[in-house]
Structure formats: structure tokens, C-alpha cells
Amino acid sequence: MDEATGPVCYEIRVRGLLGDTLLSAFPDLRAQARGSDTVLAGPLADQAALYGLLAQIEALGLELIEVRRTGC
């Protein structure tokens, strides 16, 4: 977490609609279906947390489509 600005929020879009089992791997993020994709959104403490989340997406075999930094 950046002490000056607080946590940074992200939207991470992955291909496909994730079921409950895959969504349980991301308990701190909100999930929303957008078309045929899933968007995971929420604050991450720092860049290391973002890289860890991206590694987890890869390890689960999910196709990453987009990563966007957003306002919280």
C-alpha cells in the first residue's frame, strides 16, 4: 500500500465466465460478468500484490485479457 495515496484499485478481465470454484481463489475481489468475460475488481496493497495476482491467474490457466488501474 502506498502510504501517501492508499491502496490502488484494479480491474482485471479474464476470458470466460468463472464458476464458484475459480472465484473462490479471489476472495478479496469483486467479480462481475461482462459479456462472455469475467472482471475481477478491487484494491491491491502494492505492485507485488498485483504481480502475485497475475501469477495466480496464470497458474489457474486463465486467459488474461486486460489489466486496468482504476479509482477506488
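This is a predicted model: local features need pLDDT of at least 70, side-chain atom pairs count only at pLDDT 80 or more; totals for chains, interfaces and linings use all residues.
Residues are numbered from 1 along each chain as its sequence is written, and side-chain values use heavy atoms, with hydrogens and water left out. Local features need pLDDT of at least 70 and side-chain atom pairs count only at pLDDT 80 or more, while totals for chains, interfaces and linings use all residues.

The chain has two helices and four strands, which follow one another from the N terminus as β-α-β-β-α-β. Helices (H or I, at least four residues) and strands (E, at least two) are DSSP runs, numbered from the N terminus. The radius of gyration of the chain is 12 Å, close to the 11 Å that the globule rule gives for 72 residues, so the chain is as compact as a globular protein of that length. That radius is taken over C-alpha atoms, and the globule rule is 2.2 Å times the number of residues to the power 0.38. The C-alpha trace spans about 35 × 25 × 20 Å along its principal axes. Of the 72 residues, 31% count as buried; buried means under 20% relative accessible area, exposed over 50%, and partly exposed in between (1.4 Å probe, protein chains only).

The four strands form an open sheet with antiparallel pairing, in the order S2-S3-S1-S4. S2 and strand S4 (64-70) are the edge strands, each pairing on one side only. From one strand to the next the twist averages 20°. Two strands pair if DSSP finds at least two bridges between them; S1 and S3 do so in the antiparallel sense over eight bridges. Cys9 stands opposite Pro43 in S3. Helix H2 (residues 47-59) lies across S1, S3 and S4, and runs at about 10° to S1. Axes here are lines fitted to C-alpha atoms, for helices over the stretch in contact, and angles run from 0 to 180 degrees between N-to-C directions.

The structure also holds six salt bridges, each a side-chain nitrogen of Lys or Arg within 4 Å of a carboxyl oxygen of Asp or Glu. One of them joins the side chains of Glu11 and Arg34 (3.5 Å, N to O). Glu11 lies in strand S1 (residues 8-15) and Arg34 in strand S2 (residues 30-34), so this pair ties together parts that are 23 residues apart in sequence. Glu11 is buried, with a relative accessible area of 18%, whereas Arg34 is partly exposed at 30%. Leaving aside neighbours within four places in sequence, the residues in contact with Glu11 include Arg34, Val39, Leu40 and Thr70.

Asp37 takes part in a salt bridge with Arg13 (3.4 Å, N to O). This pair links distant parts of the chain, with Asp37 in strand S3 (residues 37-44) and Arg13 in strand S1, 24 residues apart. The side chain of Asp37 also meets that of Arg15 in a salt bridge (3.9 Å, N to O). Here Asp37 lies in strand S3 and Arg15 in strand S1, so the pair ties together parts that are 22 residues apart in sequence. Asp37 counts as buried at 9% relative accessibility, and Arg15 as partly exposed at 44%. Arg13, Arg15 and Asp37 are linked with Glu63 and Glu66 in a network of salt bridges.

Note on methods: Contact means heavy atoms within 4.5 Å.
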